[in-house]
Amino acid sequence: MMSLSIASPSSVTFTSKINNLSASSFHGIQFPKIIQARAPNAPRLSWSPLVVKMAKREEELMDIRAKTTEELQEEIVDLKGELFMLRLQRSARNEFKSSEFLRMRKRIARMLTVKRERELEEGINKRISRKLDRKWKKSIVPRPPPSLKKLREEEAAEEAKEST
């Protein structure tokens, strides 16, 4: 038995019952099969989860654009240090979140993109930009990343607690 019912102009529901003809007296539980078809001109009612991701990305970009160029450069150095620490953890086979690699690399790329956008607004061409980048990279003073500083502070606090 098959029936067709139209619930609204945007969706059509087909219901069918499948009769199982076998020699056994037990036929099991039968559920009606429901198929929903969308009319070609009907608007979509569901929201896509990509909208949330775009909003997060846009929010992050707004935060990045709100920072000054010097703050961006400092954060890029910190994130590259964190990325280095993750590589060390991976090589030492310690536990770490592998998703952090992608997250940090993308965040660094976004910051460098915003930095380059600002250079373009100032009229700095590609060749001069590369010279400035080389000069900036040479001026970076190696320092431990924030996560290592935090770890050292926690260890110092534990040692102070044990000594008292």
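The model is predicted: local features need pLDDT of at least 70 and side-chain atom pairs pLDDT 80 or more, while totals for chains, interfaces and linings use all residues. Residues are numbered from 1 along each chain as its sequence is written, and side-chain values use heavy atoms, without hydrogens and water.

**Exercise 1. Describe how H2 packs on H3.**

Step 1. Take the geometry. The axes of H2 and H3 are 10 Å apart, at an angle of about 155°. Axes are lines fitted to C-alpha atoms, for helices over the stretch in contact; angles run from 0 to 180 degrees between N-to-C directions. Helices are DSSP runs (H or I, at least four residues), numbered from the N terminus.

Step 2. Name the orientation. H2 is therefore roughly antiparallel to H3. Angles over 145 degrees count as roughly antiparallel, under 35 as roughly parallel, 65 to 115 as roughly perpendicular, and the rest as oblique.

Step 3. Inspect the contact (heavy atoms within 4.5 Å). H2 contributes residues including Leu72, Ile76, Leu79 and Leu83, and H3 residues including Phe101, Met104, Ile108 and Met111. By class, the contact has 11 nonpolar, two polar and 10 charged residues. Here Ala, Val, Leu, Ile, Met, Phe, Trp, Tyr, Cys and Pro are nonpolar, Asp, Glu, Lys and Arg charged, and the others, Gly among them, polar.

**Exercise 2. Classify the H2 and H5 pair.**

Step 1. The axes of H2 (residues 69–91) and H5 (residues 146–163) come within 8 Å and cross at roughly 70°.

Step 2. H2 and H5 are therefore roughly perpendicular.

Step 3. Asp78, Glu82 and Met85 of H2 touch Pro146, Ser147 and Leu148 of H5. Three of these residues are nonpolar, one is polar and two are charged.

**Exercise 3. Which residues line the largest pocket?**

Step 1. The lining comprises Lys80, Leu112, Lys115, Arg116, Glu119, Lys126, Ser129, Arg130, Asp133, Arg134, Trp136 and Lys137.

Step 2. H4 gives the largest share, seven residues. H3 and H4 each supply at least two.

Step 3. Sort them by class. Two are nonpolar, one is polar and nine are charged.

Notes. 1 Å grid on protein atoms, 1.4 Å probe; cavity = no way out; pocket = protein on both sides within 12 Å on 5 of 7 lines; lining within 4 Å.
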